[in-house]
Amino acid sequence: QVREIEMQFQSFRDGPRASLPESTAIRRVFSESDIIAHGRDTLEAIEASQRPSDSKDDGIERSTSRQIRYVCKFMDYLQNALQLQDSQHNGSARFKISEVVKDFHENGVSPSVLNSALIYLLRLHDAGVQLCTRSLRSLFVVSVVVAYKFLEDGSPSNKYWAEVGQVTLADMNALERFFLCAIRFRLCISPDEYAQLTGDLAAFRASSDRARTPLAQRF
């Protein structure tokens, strides 16, 4: 099926528009400008469009909810682990870091942005910046903001993000500068690195001994 669509696309691109039958999947889903602009990248969307819409939407919603739960579980684990390590911290945290994750998601932050923020936190840690209970929230907030700005076409102002993350605007601006310099502006993420992160999150969620999972040990 994919090969047939590739041949139809090739014929459409190189020949007159009439050479592609009106009944094909490409014509039903995409305009001529869409196909020329995106080429092979449209094939996955074309195949997805053939599935019943209700089933497709339900699958996407379940996948999104699952990924958000994974991030929430790991961030709460990390917060608890830092509490145990931080000798200067007294008592339990006044907030759960998973609530910050949920607040971001409710304000339009996708799982891919949250996953990328975790990768940036790992890079920050590898650069020698030690996470602690007091800094976790602020550093996670700024990592999400940096990931959102890098991955999405447009971003609200830092004033908006400061309100969502419950930090001051001055702190948000200073943290963003510090964060980018600390990771040396390395914002690109390879497909392999992203796949490893999502796999590690799933392994963490499924493990009965989470402290020994690869993701937990990286922090």
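User: Before we look at helix packing, how are the axes and angles defined here?

Analyst: Happy to start there. Axes are lines fitted to C-alpha atoms, for helices over the stretch in contact, and angles run from 0 to 180 degrees between N-to-C directions. Please keep in mind that this is a predicted model.

User: Thanks! At what angle do the axes of H8 and H10 cross, and is the arrangement roughly parallel or roughly perpendicular?

Analyst: Helix H8 covers residues 133–151, and its axis comes within 10 Å of the axis of H10. The two axes cross at roughly 75°. Angles of 65 to 115 degrees count as roughly perpendicular, so H8 lies relative to H10 in an arrangement that is roughly perpendicular.

User: Which residues meet where H8 touches H10, and how do they divide into nonpolar, polar and charged?

Analyst: On the H8 side, the residues include Leu139, Val142, Val146 and Lys149. H10 contributes residues including Met172, Leu175, Glu176 and Phe179. Taken by class, the residues of this contact divide into 10 nonpolar, 2 polar and 2 charged.

User: Where is Phe185, and is it buried or exposed?

Analyst: Phe185 is in the loop between H10 and H11. Its phi is positive too, near 60°, in a residue other than glycine. With a relative accessible area of 53%, against a cut-off of over 50%, Phe185 counts as exposed.

User: And what relative accessibility does Arg184 have?

Analyst: Arg184 also belongs to the loop between helix H10 and helix H11. It counts as exposed because its relative accessibility is over the 50% cut-off. The value for Arg184 is 70%.

User: Now for charges: how many salt bridges does a search of the whole structure find?

Analyst: Side chains of opposite charge can pair when their charged atoms come close. One of the salt bridges joins Asp209 and Arg212, at 3.0 Å from N to O. The search of the whole structure gives a total of 6.

User: What is the closest N and O distance in the salt bridge of Asp126 with Arg218?

Analyst: This pair links helix H7, which holds Asp126, to helix H12 (residues 214–218), which holds Arg218, 92 residues apart. Asp126 is exposed at 55% relative accessibility, and Arg218 is partly exposed at 35%. Their closest N and O atoms are 3.7 Å apart.

User: Last one: which residues is His125 in contact with, leaving aside its neighbours within four places in sequence?

Analyst: His125 lies in helix H7. Its relative accessible area is 17%, under the 20% cut-off, so His125 is buried. Leaving aside those sequence neighbours, His125 is in contact with Gln130, Arg218 and Phe219.

Terms used
Residues are numbered from 1 along each chain as its sequence is written. This is a predicted model: local features need pLDDT of at least 70, side-chain atom pairs count only at pLDDT 80 or more; totals for chains, interfaces and linings use all residues. Side-chain values use heavy atoms; hydrogens and water are left out. Helices (H or I, at least four residues) and strands (E, at least two) are DSSP runs, numbered from the N terminus. Buried means under 20% relative accessible area, exposed over 50%, partly exposed in between (1.4 Å probe, protein chains only). Angles under 35 degrees count as roughly parallel, over 145 as roughly antiparallel, 65 to 115 as roughly perpendicular and the rest as oblique. Contact means heavy atoms within 4.5 Å. Ala, Val, Leu, Ile, Met, Phe, Trp, Tyr, Cys and Pro count as nonpolar, Asp, Glu, Lys and Arg as charged, and the others, Gly among them, as polar. A salt bridge is a side-chain nitrogen of Lys or Arg within 4 Å of a carboxyl oxygen of Asp or Glu.
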